[in-house]
Amino acid sequence: MAYWFASLDELGDNYGFRKVRQALGVTAFGVNVVVYPPGAEGVGHYHDTQDELYFVHAGTARFEVDGDERVLGPGGICHVESTTRRKVSNVGDEDLILLIIGGKGGYVERDGHVASQEDLERRKAMSRGERR
């Protein structure tokens, strides 16, 4: 099968890691969801080779990265290079839900293709802010 679907609830109801990569059969990059309870302090860490991109799905995250600190809410995004120390904590009163994507080896470049002329027109319209 070339595609899979899931929801956060299907991946578990626990705090900590919810294994997205394994559940959805992703092999091209690392991806997980981490759920922190309110007020939970994170764990300082770094990686040997894998950069990480953090997306705040819900809650309020405090990122401590290489001596800098930033608080991000839902929709916030943070990229950290592999060997840079980082710690993410939940500074809010609700669960913090992060989608974390890890990878190495660089950008693959734009290799996507629209499936039809209609899809191309829909993409162009969306870029112009139009609804179709």
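**Figure 1. Surroundings of R18 in the predicted model.** The side chain of R18 reaches the backbone oxygen of N14 at 3.1 Å in this predicted model. R18 is part of strand β1. Although R18 is buried, it has no salt bridge. With residues up to four places away in sequence left aside, R18 touches L8, D9, L11, G12, D13, N32, V33 and V35.

Figure 2. Five strands form an open sheet in the order β1-β2-β8-β3-β6, and their pairing is antiparallel. At the edges stand β1 (16-18) and β6 (77-80); each has a single partner strand, so one side of each is left without a neighbour in the sheet. From one strand to the next, the twist averages 25 degrees.

**Figure 3. Pairing of β1 with β2.** Strand β2 comprises residues 30-36 and pairs with β1 in the antiparallel sense over 3 bridges. F17 has V34 of β2 as its bridge partner. R18, also shown in Figure 1, lies in β1 and touches N32, V33 and V35 among other residues.

**Figure 4. The loop between β4 and β5, with D66.** D66 is placed in the loop that lies between β4 (61-65) and β5 (68-72). Its phi is near 50 degrees, a positive value in a residue other than glycine. Most residues other than glycine have a negative phi. D66 has a relative accessibility of 63% and therefore counts as exposed.

**Figure 5. Y3 in the segment before β1.** Y3 belongs to the segment that precedes β1. With a relative accessible area of 52%, Y3 is exposed, since the exposed class begins over 50%. Along the chain, Y3 and D68 are 65 residues apart, and their C-alpha atoms are separated by 39 Å.

Figure 6. The chain contains 2 helices and 8 strands, which run β-α-β-β-β-β-β-β-β-α from the N terminus on. Its C-alpha trace spans about 50 × 35 × 30 Å along the principal axes. Of its 132 residues, 30% count as buried. Among contacts with a separation of 6 or more, 59% are between residues 24 or more positions apart.

Notes: Residues are numbered from 1 along each chain as its sequence is written. This is a predicted model: local features need pLDDT of at least 70, side-chain atom pairs count only at pLDDT 80 or more; totals for chains, interfaces and linings use all residues. Side-chain values use heavy atoms; hydrogens and water are left out. Two strands pair if DSSP finds at least two bridges between them. Helices (H or I, at least four residues) and strands (E, at least two) are DSSP runs, numbered from the N terminus. Axes are lines fitted to C-alpha atoms, for helices over the stretch in contact, and angles run from 0 to 180 degrees between N-to-C directions. Buried means under 20% relative accessible area, exposed over 50%, partly exposed in between (1.4 Å probe, protein chains only). Lys and Arg count as positive and Asp and Glu as negative; His and the chain ends are not counted. A salt bridge is a side-chain nitrogen of Lys or Arg within 4 Å of a carboxyl oxygen of Asp or Glu. A polar contact is a pair of N or O atoms within 3.5 Å; within protein, one must be able to donate a hydrogen and the other to accept it, and residues adjacent in sequence count only if both atoms are side-chain atoms. Contact means heavy atoms within 4.5 Å.
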